[in-house]
Amino acid sequence: MNNEALKELLYKMADDLLILGHRNSEWTGMGPLLEEDIAFSSMAQDKIGQSLALYQLLHQLGEQEPDTVAFMRHARLFHNCLLTELPNAEYDFSLIRHFLFDTADALRWKSLTQSSYTPLAQLAGKVRGELRYHTLHANTWIKRLGSATDESISRLQQSLNELMPYALGIFEPSPFEEELIKRNIFEGERHLQAQWLLGIESVLNATELRLPDLKSLTPAYGGRVGKHSLHLQPLLDEMSEVFKLDPTAEW
Amino acid sequence: MTTPETILTLLDQVKDPEIPVLSLVDLGVITHVEVIEELVHVEMTPTFVGCPAMDIMKQEVIDVLQKNGWTSKVEINFRQPWSSDKISEKGKIALKKFGLAPPPGDAAIIADIDFLEHVPCPRCNSLNTELKNPFGPTLCRSIHYCRSCRETFEQFKPVG
């Protein structure tokens, strides 16, 4: 069986989680409240753990060891969407990204519980429950700050406007879309995007925030095929700095 | 003739490294035990995918079995994913004694934040408590405050 389609799906999911997990970890010690510091750090740990589980599935399909894959690749070999690699900026920016990404990610894993690829469906059954805490966290803060003060509303709105094209980049079509759908491995990005839109709308409707007009936006594609922003390689250099000192070390 | 029960009794000695009163059996992370021709096959599953204690637990399982004369093969998988419903009644009592609120009954039906509010305080049993943070010191714990005894406490999080 040709596994290129499956591998591409697993790589983009794993890379999204590793890179966003790393960005989340940059909030450790920097959060606006102690609780948020802990929340972003915990979500970082979850996401990096989930990425490891996906890299292990890839390893079973013949790819290299998870550590090698995570730490030794150049940016152009990463498949994460551009949304995940952008620097954290202010808290409102990170919060909007967390909301937009995790809504999509929770729906992706939910759909994958039905995947014909059993190891992925089993993992999805587990991850799905964990992600409830991530979406719960995002939705709680978006609802709270999205209806709080003029400043909180305008800051979130500005970040939402800025990040929306990047969020559409989550759903950059794969060259294997049709094959994945036909083999019942994954429902496909187009279907996921439609569900995601309903999900974020239902939360935003409970706030003063407005969804930008999607028709006027150009999705920020490229991440899925290794065309990244200038922000990814410095992130990878920092993340792999210790590992690269001695790649054969036993930890 | 060795039954899986004999092996499970041995594994009852292995405790969660972060909650030393709770055995891996009571935690519900041992999902399958089978003895085939003198080799013990054990399947385990993590409480959270990113649980950093998994490798330690796996090694402790191997060590305890070896000490008792058994060679084992331990596999970590998600065939029977963990949920907080897998913690045994004995385990829930041990958690409470340790000062951690046990997770509520049916994790699968939990839908929103309400399930984390008003968790019974493990010290004084008061329901006059509030959620401080759904994320705590480890992936599997949340942080709460009891207005009755004015103490902060943690809950072993419900996960479905």
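A salt bridge is a side-chain nitrogen of Lys or Arg within 4 Å of a carboxyl oxygen of Asp or Glu. This is a predicted model, where local features need pLDDT of at least 70, side-chain atom pairs count only at pLDDT 80 or more, and totals for chains, interfaces and linings use all residues. Residues are numbered from 1 along each chain as its sequence is written, chains are lettered from A and ligands numbered from 1 in the order in which they are written, and side-chain values use heavy atoms, with hydrogens and water left out.

**View 1. Salt bridges across the interface and within chain A.** How many salt bridges cross the interface of chain A and chain B? The rule finds zero there. Over all chains, the count is 18. One joins the side chains of E189(A) and K12(A), at 2.6 Å from N to O. E189(A) sits in helix α9 (residues 189–204) and K12(A) in helix α1, both of chain A, 177 residues apart. Helices here are DSSP runs (H or I, at least four residues), strands are runs of E (at least two), and both are numbered from the N terminus.

**View 2. The contact between chain A and chain B.** Chain A brings 22 residues to the contact and chain B brings 27 (heavy atoms within 4.5 Å). About 2100 Å² is buried between the chains, and carbon and sulfur atoms give 65% of that area. Buried area is the accessible area (1.4 Å probe) that two parts lose on being put together, summed over both. K126(A), R132(A) and Y133(A) supply 35% of what chain A buries against chain B, more than any other three residues.

**View 3. The side of chain A that touches chain B.** Helix α6(A) gives the largest share of this side, twelve residues. The side divides into eight nonpolar, nine polar and five charged residues. Nonpolar means Ala, Val, Leu, Ile, Met, Phe, Trp, Tyr, Cys and Pro; charged means Asp, Glu, Lys and Arg; the others, Gly among them, are polar.

**View 4. The largest pocket.** Its space is about 1600 Å³, the volume filled by probe spheres set on grid points joined across faces, edges and corners. A pocket is an open set of points on a 1 Å grid over the protein atoms alone, where a 1.4 Å probe fits, with protein on both sides within 12 Å along at least five of seven lines; lining residues have an atom within 4 Å of a point. Of the 42 lining residues, L52(A), A53(A), Q56(A), P66(A) and D55(B) are closest to the centre. α2(A) gives the most to the lining, eleven residues. The lining holds 25 nonpolar, eleven polar and six charged residues.
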